[in-house]
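Student: May we study the backbone of this protein together, with a few questions on its loops?

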Amino acid sequence: MSALAPEAHELLLSRIKDVPDYPKPGVMFKDITPLLADPKAFAALTDTLVELAGQYGATKIVGLEARGFILAAPVAVQAGIGFVPVRKAGKLPGATLAQSYELEYGTAEIEVHAEDLAAGDRVMVIDDVLATGGTAEASLTLIRRAGAEVAGVAVLMELSFLPGRERLAGALAGAPLDALIIV
């Protein structure tokens, strides 16, 4: 699903650069830094995500480390709601909630400050890319463990050849998933 007007879709897509063989041979990396460097494109992205936050009824925005921070923080500011970073384990001081999840070759763990989310919060998760869905799925579990409600998930780009959407289907529990660009 895409909430973008056709002109905005084309603008954003034109600012995402394909980098072949990065970080290893055979991988086509989707570089969003040209989009971030273009104020018109970055504003179009932010405006679209702010609109989704309103549609979701979000009261907090969670950004997933690391590029999700870049996209989520201006959305929270423009929407006038709080921003909560979800970080890799060991990066946040103080009391945290942690969630492990499976990777292709092992496990990883993410954390959130325990006091940043609470009952009554409606949380929108923002990230740059939905690939396998592991980090997003773990973030949904963390949000619910903190007592908050998942309002929805929005990503700039979904890699349709990977199973992220399928992996998230159950974890969303009816909350919307919006991918602005699907490749």
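This is a predicted model: local features need pLDDT of at least 70, side-chain atom pairs count only at pLDDT 80 or more; totals for chains, interfaces and linings use all residues.

Student: What is the form of the peptide bond from Tyr22 to Pro23, and what is its omega?

Tutor: Pro23 belongs to the loop that runs between strand E1 (17-20) and strand E2 (28-31). The bond that leads from Tyr22 into Pro23 is cis, and its omega is near 5°.

Student: Which residue does a cis peptide bond join to Glu65?

Tutor: The place to look is the loop between strand E3 (60-64) and helix H4 (67-79), where Ala66 lies. Omega of the bond in question is about 0°, and the residue joined to Glu65 by this cis bond is Ala66.

Student: Is Asp21 buried or exposed, or something in between?

Tutor: Asp21 sits in the loop between E1 and E2. Its phi is positive, about 60°, although Asp21 is not a glycine. Buried means under 20% relative accessible area and exposed means over 50%. The relative accessible area of Asp21 is 49%, so Asp21 is partly exposed.

Student: Is Ala173 buried or exposed?

Tutor: A residue counts as exposed when its relative accessible area is over 50%. For Ala173 the relative accessible area is 62%, so this residue is exposed.

Notes
Residues are numbered from 1 along each chain as its sequence is written. Side-chain values use heavy atoms; hydrogens and water are left out. Helices (H or I, at least four residues) and strands (E, at least two) are DSSP runs, numbered from the N terminus. Buried means under 20% relative accessible area, exposed over 50%, partly exposed in between (1.4 Å probe, protein chains only).
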